[in-house]
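I opened this notebook to record what I looked up in the model, one topic at a time. The entries follow the order in which I went through the chain.

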Amino acid sequence: MTVENGQFVIQNQSVLALCEEFGTPLYVYDGDKIEEKANALKDAFKGVKMKIKYACKANTNISILKLMHTLGVDIDVVSPQEMAVALKAGFNPSQITYTSSGVSFDEIEVSINNDVLANIDNLPTLIKFGEKYGNSVPVLIRIRPNVEGGGNLKISTGHKESKFGIAIEYKEQILEIAKKYNLNIVGIHQHTGSDIKDGKTFVEVARVIFDFAMSFPDLKYIDFGGGFKVAYKDGDSVTDMVDLGEKISASFQDFCKKYGRELELWFEPGKFLVSESGFLFGNVNVVKENPTKTLLGLNTGLNHLIRPMMYDAFHDVVNVSKPNAAVNEVYDVVGYICETDDIAKNRELAKTDEGDIICIKNAGAYGFTMASNYNGRFKPAEILIYKNKVHLIRKRETLVDILANQILVEL
Ligand code: LLP
């Protein structure tokens with residue numbers, strides 16, 4: 001989003017005009033930004049056979065999935081429902097992986113029945129897989145590397161206390177199960193966490209996983225998960241992809257040489273691809289003076305973007321109705337939900353009036369997908385702008401959606 005000719009625009013589209021046309025609260029995604037990020041990742045790993053498996057839990061709108069498909073990005077799903085949407089969006093089953101976390105075995109069967117590679121995260125399920133499929137179906141296994149990384153504990157998944165993956169200490173047990181059922185283990189997967197800014201974490205994980213992988217002779221893929229940190233504000237520290245690309249590619253090449261075959265390197269970014277592409281626009285319902293501060297009450301809140309409340313995540317806010325005004329007033333931007341849903345505290349904004357539109361940045365990942373109907377509110381509409389064309393990709397909900405599955409009984 002930039003200021004052109006005195007107004008905020010995304011790809012030449014005036015954001016105020018979009019808010020006027022589609023109403024607020026409104027999610028807007030910049031498809032060209034998604035393309036730019038996908039290309040940056042491909043570029044950083046151009047020296048090796050690398051595949052991007054978009055972690056679609058970040059944003060599952062079917063048109064976003066279609067865009068990923070068009071960009072040559074594959075996909076990682078975490079439920080049969082995401083799998084169904086991915087298939088509907090045009091992905092071939094061979095482009096999908098199903099990363100399960102303690103799911104029932106019938107969900108693994110759904111994956112196999114759809115010819116989708118299943119990623120298994122616990123030993124009992126691996127045994128069931130062996131009993132049912134033997135070596136007739138390839139399988140991926142998710143390892144917990146016991147490496148700590150991530151923006152905060154809630155989004156750290158690779159450490160010793162985490163529920164995710166098969167603990168790396170259980171290598172012998174995995175090998176026994178593999179031998180007993182003649183398993184065709186084609187890939188080793190790990191995901192350390194989200195918002196990992198320090199490239200050293202990935203380098204450390206690579207060392208651990210490459211060492212582990214040497215014991216598995218049938219591998220085709222090493223999947224490093226996602227977790228790259230993006231910028232939440234100007235000057236924010238982010239994962240340095242160029243540096244990481246060089247370091248991981250070099251150690252991957254060394255590993256492949258030692259392993260005796262060239263494998264594919266997979267990454268599963270969510271935030272990296274879509275976080276910065278997304279903007280949530282809300283209308284200022286009320287400018288509320290308190291003795292110590294001034295609050296801007298928006299027509300959105302934790303029901304549409306829960307990240308600030310759930311993870312204390314920082315989201316930049318901008319008054320897009322006042323593009324030319326000095327940014328020198330301090331406000332708390334709060335939601336309209338009957339909970340403490342502070343979106344942004346003590347932020348400098350242009351002097352704001354009732355009816356102004358506030359843009360919340362970095363809303364493309366884990367925004368809409370974590371939205372709810374709490375307080376009976378409708379979920380917002382979603383817009384995708386791609387190559388200067390505006391697409392409505394989700395209609396705003398109505399009362400029909402709220403009542404869709406509810407049953408009013410005779411009492
Ligand atoms: N792969 C696996 C197996 C994952 O569990 C995740 C995220 C990813 C890839 C993608 O991670 P990313 O590149 O987006 O960091 N709702 C939280 C983030 C939860 C991430 C869950 N797993 C947030 O809004 O910060």
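Entry 1, a hairpin. I began with the hairpin of E20 and E21, where two residues lie between the strands and Lys387 takes a positive phi near 50°. I kept in mind that the model is predicted, and I noted the background that most residues other than glycine have a negative phi. I then looked up the pairing itself and found that strand E20 (residues 381-386) and strand E21 (residues 389-394) run antiparallel and are joined by five bridges. For Glu382, I found the bridge partner in E21 to be Arg394.

I next looked at an open sheet of three strands, whose order is E1-E2-E3 and whose pairing is antiparallel. Strand E1 (2-4) and strand E3 (13-14) are the edge strands, and each has a single partner strand, so one side of each is left without a neighbour in the sheet. Between E1 and strand E2 (residues 7-10), which run antiparallel, I found three bridges, and I wrote down that Thr2 has Val9 as its bridge partner in E2.

I then turned to the peptide bond between Thr24 and Pro25, which is cis, with omega at about -5°. Pro25 itself belongs to the loop between helix H1 (15-22) and strand E4 (26-30).

I looked up the total and found 16 salt bridges. One that I followed up joins the side chains of Glu36 and Lys33, with an N to O distance of 3.2 Å. The two residues, Glu36 and Lys33, are three residues apart in helix H2 (residues 31-44), which means that about one helical turn separates them.

How does the domain assignment divide the chain? I read domain 1 as 2-29 + 275-403, in two segments of the sequence, and domain 2 as 100-269. The C-alpha centres of domain 1 and domain 2 are 36 Å apart. Where they meet, eight residues of domain 1 are in contact with eight residues of domain 2, and the two domains bury about 770 Å² between them, with 50% of that area on carbon and sulfur atoms. On the side of domain 1, I noted that Tyr311, Phe314 and Asn362 lose the most area to domain 2, and that together they account for 51% of what that side buries.

I counted one salt bridge between domain 1 and domain 2. I also looked up Asp195, which forms a salt bridge with Arg307, where the closest N and O atoms are 3.8 Å apart. For polar contact, the count between domain 1 and domain 2 is four residue pairs, both residues being at pLDDT 80 or more.

Notes: Residues numbered from 1 in each chain as written. Predicted model: local features only at pLDDT ≥ 70, side-chain atom pairs only at ≥ 80, totals over all residues. Heavy atoms only, no water. Domains from an automatic or database assignment. Contact = heavy atoms within 4.5 Å. Buried area = accessible area lost by both parts, 1.4 Å probe. Salt bridge = Lys/Arg side-chain N within 4 Å of Asp/Glu carboxyl O. Polar contact = N/O pair within 3.5 Å; in protein donor to acceptor, adjacent residues only side chain to side chain. Pairing = 2+ DSSP bridges. Helix = DSSP H or I, 4+ residues; strand = E, 2+ residues; numbered from the N terminus.
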